[in-house]
Amino acid sequence: MNRGGPWIASLLLLGCGLAVASCRPQAIEADSPTPFVFRELNLRQQDPQGRPLWEISSPETRYDLSRRIAQARQLKGVLYRDGKPLYRLTASTAVVVNDGEVVQLEGPTRLQRLDPERPAELTALRVRWYPSQQRMELDRSPRLVQGDLQLTAGLARFLINVERLELRRTALLQRRGPEPIRLALGPLDWVASSGALTARGPIRGDRRLGDGSLQRITAPALSGNSLSQTLDLQAPVRMEEPSRQAWLEAGATRLELASRTASSQAPFQGRYGKTQLSGNGFLLNLPAQTVEVRSACQLRQPGDQLSADRCRWNWRSGEASASGQVVLQRRANGQVSRAGQLKGRIGEDGFAEFSSPGGGRVRTQLNLPPSAARQTPAPSRRPVQQRGPRAPAFQL
């Protein structure tokens, strides 16, 4: 049934069906203050093909004929897609206005998606449902939960036919578990069938790392997917760790929330204390506690500089490595050392000693002052086995 008369007829027929002996024709005042009371209510609407579109039931319902308002408690319902159940609906109380034009759900209200591959739960304390428009307005504590991911806002709208949730007024994205993340967003849209989400900025938030430090994140906008739990931050992206005096500025960056990694293919630059770091692309792996610079690695501190095709650092073990056309430069005496690969270990003082793995050869060049200014004999200019200059520790 659709609207108007069919609702009234259904209610009257239900009343007769439940108490046949008392259902005798009798005059009813249109403005009678006494509402009809039914032990049970079952209502259903069909789509143009005759398939169920939605249905609701209640163990007790009061109907005011003059105001055309039905009041129900412990409401249960099902929303269908192509005749198959897709959402289960529950609410503490419901008020049906104008014989079904609006259904206002009060108290804890829950809409559960029944697809086992894409489950989700939408809750609120007040929902206005417009059945003919296939639309719900949620204006008291709307919240969506899918796995460890949670979306909240001050106001939300759910378009049932396209399964799109529109979150407005201080939207917030949160993820529980290790390294919990919390991002304040602009307007956010989420699609239940695909998990796709998009949000305008500014994006501002933080992530609590495993060691207790706080990582701040900012970006102008993001897109992502709640099923795969990935977030793609639009450029420019900035991540900061105030406790380590560290920051990173990068292009488009992907956060893999499940694997707890962050990666980018774009150029980036950063700083850790007095150390500057830059390169083309990075991979930050929180469980492994490693950071990799994918190409054009540049590591600089006052008086020293390291460049290499690739760099890797494990801040848990202190191990660091640089590979592919590695060049170490020291301003003192113009020292330049070259190697195919250098490995080292970062000490507690925040510096690392690099050397050629396995005692390999490192080619070093020194620019010496004139002989009159020398105070020590000149060293040999042939290639020597040497530990490279001290290079800084870095962490993102």
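Okay, let's start with Gln229: at 10% relative accessibility, this residue counts as buried, where buried is under 20% relative accessible area, exposed is over 50%, and partly exposed is in between, with a 1.4 Å probe and protein chains only. Gln229 also has a positive phi, near 55 degrees, in a residue other than glycine. You'll find Gln229 in the loop between strand S18 (214-225) and S19. Strands here are DSSP runs of E with at least two residues, helices are runs of H or I with at least four residues, and both are numbered from the N terminus.

Quick word on the source. This is a predicted model, so to speak of local features we need pLDDT of at least 70, side-chain atom pairs count only at pLDDT 80 or more, and totals for chains, interfaces and linings use all residues. Residues are numbered from 1 along each chain as its sequence is written, and side-chain values use heavy atoms, with hydrogens and water left out.

Back to phi. Ser141 also has a positive value, near 55 degrees, and is again a residue other than glycine. Ser141 sits in the loop between strand S9 (135-140) and strand S10 (143-146). So is Ser141 buried or exposed? Ser141 counts as exposed, because its relative accessibility is 51%.

Now the cis peptide bonds. One runs from Gly201 to Pro202, with omega near 5 degrees, and Pro202 has its place in strand S17 (residues 196-208). Another goes from Ala235 to Pro236, with omega near -5 degrees. Pro236 lies in a loop, the one between strand S19 (230-233) and strand S20 (237-241).

Strand S23 (residues 261-272) runs antiparallel to S24, and ten bridges join them; for the record, two strands pair if DSSP finds at least two bridges between them. Which residue in S24 stands opposite Gly270? That would be Leu277. Leu277 has a bridge partner in S26 as well, namely Leu299. S24 and strand S26 (residues 297-301) are antiparallel, with three bridges joining them.

How about the turns? The hairpin of S23 and S24 has two residues between the strands, and Gly273 there takes a positive phi near 65 degrees. The hairpin of S24 and S25 has four residues between the strands, with Gln289 at a positive phi near 55 degrees.

Ser263 counts as buried because its relative accessible area is 17%. What is Ser263 in contact with, leaving aside its neighbours within four places in sequence? Contact means heavy atoms within 4.5 Å, and the list is Ala252, Thr253, Arg254, Phe282, Leu283 and Arg294.

Last stop, Gly318. This glycine is in the loop between strand S28 (310-314) and strand S29 (319-330). Gly318 is buried, at a relative accessible area of 7%. Its C-alpha atom is separated by 8.3 Å from that of Gly344, 26 residues apart along the chain.
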